[in-house]
Amino acid sequence: MTKVTRARSTSPPDGGWGWMIVAGCFLVTICTRAVTRCISIFFVEFQTYFTQDYAQTAWIHSIVDCMTMLCGLGFALCYSPAIAMVGKYFSRRKALAYGIAMSGSGIGTFILAPVVQLLIEQFSWRGALLILGGFVLNLCVCGALMRPITLKEDHTTPKQNHVCRTQKQDFKCVSPCSRLMKEGVQTCLCCSLQQEYSFLLMSDFVVLAISVLFMAYGCSPLFVYLVPYALSVGVSHQQAAFLMSTLGVIDIIGNITFGWLTDRRCLKNYQYVCYLFAVGLDGLCYLCLPVLQSLPLLVPFSCTFGYFDGAYVTLIPVVTAEIVGTTSLSSALGVVYFLHAVPYLVSPPVAGWLVDTTGSYTAAFLLCGFSMIFSSVLLGFARLIKKMKKTQLRFLAKESDPKLQLWTNGSVAYSVASELDQKDGESVAIAMPGYNPT
């Protein structure tokens with residue numbers, strides 16, 4: 001029998017088959033994120049048919065959206081791996097690749113929003129959901145495009161991998177029922193899990209995870225309540241669906257243009273700041289929404305919110321990769337999208353409860369806006385503190401000894417003052433007359 005050989009380790013190709021990965025991820029985002037966004041068009045139909053209030057009806061969208069982001073359930077088996085694969089194939093043009101791949105969410109919303117409204121009018125909400133289900137079966141085609149790749153970064157810890165392989169070979173020589181074999185396999189498994197999820201102990205990732213919770217809480221309710229809110233201020237059903245389409249097409253522009261801009265040399269080192277800027281502006285849009293009560297005012301809102309929504313969604317994998325690296329990117333994105341699931345499940349019913357209690361959308365929109373602004377401020381404050389600590393360490397190093405050079409890698413510092421002193425001593429000794437090294 002012929003042996004199956006693994007692909008050689010390489011650097012991210014930044015092209016080639018990577019563009020097919022981008023195309024596959026593009027279709028995945030259409031079938032997952034765009035379809036779940038269009039569930040809001042069913043909101044009024046569900047509310048009328050089941051005769052329930054806002055809070056009860058919102059659980060339908062919450063459960064669908066939660067299952068999309070929750071790793072291991074729903075669409076997540078397609079969504080999270082597809083996003084991670086793009087990061088494996090691109091390095092220099094990563095933000096642009098993510099922008100194109102994730103623009104499927106906006107394009108899908110732009111196309112599907114009026115189509116879903118038409119399907120509801122022609123086939124009722126049951127027939128529309130059945131047709132959407134058949135469309136989502138195209139995810140099987142996307143899975144066929146995902147070709148694995150082995151990167152050089154995947155072999156950064158060869159010693160630990162060699163130990164695990166050696167232990168596995170030794171265990172084959174032991175009886176299968178022996179306790180030693182079971183303990184060895186458990187040890188090897190624990191080592192691999194510890195290596196894979198070591199980023200969970202990084203302070204930067206913990207701060208990112210907390211900010212994601214607040215950001216996800218704020219971004220979800222709009223896609224549930226934009227159509228009902230527009231209808232409540234006198235906008236027709238077709239015009240309300242047009243607002244969702246507008247948000248979707250501007251989302252595309254935000255995905256691609258923001259990804260392209262942040263890949264430019266002038267902004268390459270400021271992608272983290274661009275992410276904070278986009279999240280914060282989406283929060284400000286929320287704060288303005290309660291005073292926008294006509295179609296001419298809601299259209300600019302949909303454009304602004306859609307653009308910056310596409311902008312920060314593109315940068316989520318880029319910011320995550322900047323913190324944890326490409327080796328652990330797949331696992332880290334799984335954790336990040338898992339954290340999206342909890343607010344996605346809770347925020348629409350909470351917003352619906354506020355609408356039922358207060359009789360207006362103001363409190364719900366303000367809470368979402370402040371949540372997104374807090375997410376942006378939290379990340380910015382954490383980055384500012386980190387820079388202040390680095391500056392302070394460099395200043396203290398220069399004040400204590402001019403020969404002292406300090407390199408920082410997280411919280412670890414390495415001093416080479418003694419080596420410099422030793423080299424200076426050798427230079428003085430060589431310069432002395434009659435110096436004999438022997």
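A residue is called buried when its relative accessible area is under 20%, exposed when that area is over 50% and partly exposed in between, as computed with a 1.4 Å probe on protein chains only. By this criterion, buried residues account for 44% of the 438 residues in the protein. The model is a predicted one, in which local features need a pLDDT of at least 70 and side-chain atom pairs count only at pLDDT 80 or more, whereas totals for chains, interfaces and linings use all residues. Residues are numbered from 1 along each chain as its sequence is written, and side-chain values use heavy atoms, with hydrogens and water left out.

The secondary structure consists of 16 helices and two strands, where helices (H or I, at least four residues) and strands (E, at least two) are DSSP runs numbered from the N terminus. Contact is taken to mean heavy atoms within 4.5 Å. Among contacts between residues at least 6 apart in sequence, 80% join residues at least 24 apart.

Helix α2 spans residues 43-50, and F43, F46 and Q47 are buried within α2. These three residues lie on the same side of α2, because they cover an arc of only 100° around the axis, the arc being that of the directions from the helix axis to the C-beta atoms. An α-helix has 3.6 residues a turn, so residues three or four places apart point the same way. Just after α2, T51 takes a positive phi of about 50°. A positive phi is also found for S124, a residue other than glycine, with a value near 70°; S124 is placed in helix α6 and is partly exposed, at a relative accessible area of 34%.

Grid points are joined across faces, edges and corners, and a volume is the space filled by probe spheres set on the points. The search of the whole structure finds three cavities of 30 Å³ or more, and the second largest cavity has a volume of about 60 Å³. The lining of the second largest cavity is formed by I41, V44, E45, Q117, I120, V227, L231, H237, A240 and A241. At least two residues of this lining come from each of α2 (43-50), α6 (104-136), α10 (203-232) and α11 (237-262), and α11 gives the most, with three residues. By class, the lining has seven nonpolar, two polar and one charged residues, where Ala, Val, Leu, Ile, Met, Phe, Trp, Tyr, Cys and Pro count as nonpolar, Asp, Glu, Lys and Arg as charged, and the others, Gly among them, as polar.

One of the lining residues, V227, lies in helix α10 and is buried, with a relative accessible area of 8%. Leaving aside neighbours within four places in sequence, V227 is in contact with S40, A240 and M244. V227 and L243 are 16 residues apart in sequence, and their C-alpha atoms are 7.7 Å apart in space. Helix α10 also holds S211, which is buried at a relative accessible area of 0% and which touches S375, L378 and L379, residues up to four places away in sequence not being counted.

A further buried position is D282, at 0% relative accessibility, in helix α12 (residues 271-288). The side chain of D282 reaches the backbone nitrogen of D309 at 3.3 Å. Apart from its neighbours within four places in sequence, D282 is in contact with T304, F305, F308, D309, Y312 and M372.

Two arginines are located in loops. R92, in the loop between α4 (76-89) and α5 (94-102), is exposed, with a relative accessible area of 54%. Beyond its neighbours within four places in sequence, R92 is in contact with D14, D263 and K268, and the C-alpha atoms of R92 and D14 are 6.7 Å apart, although 78 residues separate the two in sequence. R147, in the loop between α7 (139-145) and α8 (158-172), is partly exposed, with a relative accessible area of 44%. With residues up to four places away in sequence not counted, R147 touches W17, I21, M85 and Y89; the C-alpha atoms of R147 and I21, 126 residues apart along the chain, are separated by 7.8 Å.

Conventions
A polar contact is a pair of N or O atoms within 3.5 Å; within protein, one must be able to donate a hydrogen and the other to accept it, and residues adjacent in sequence count only if both atoms are side-chain atoms. On a 1 Å grid over the protein atoms alone, a cavity is a set of points where a 1.4 Å probe fits but cannot get out, and a pocket is an open set with protein on both sides within 12 Å along at least five of seven lines; lining residues have an atom within 4 Å of a point.
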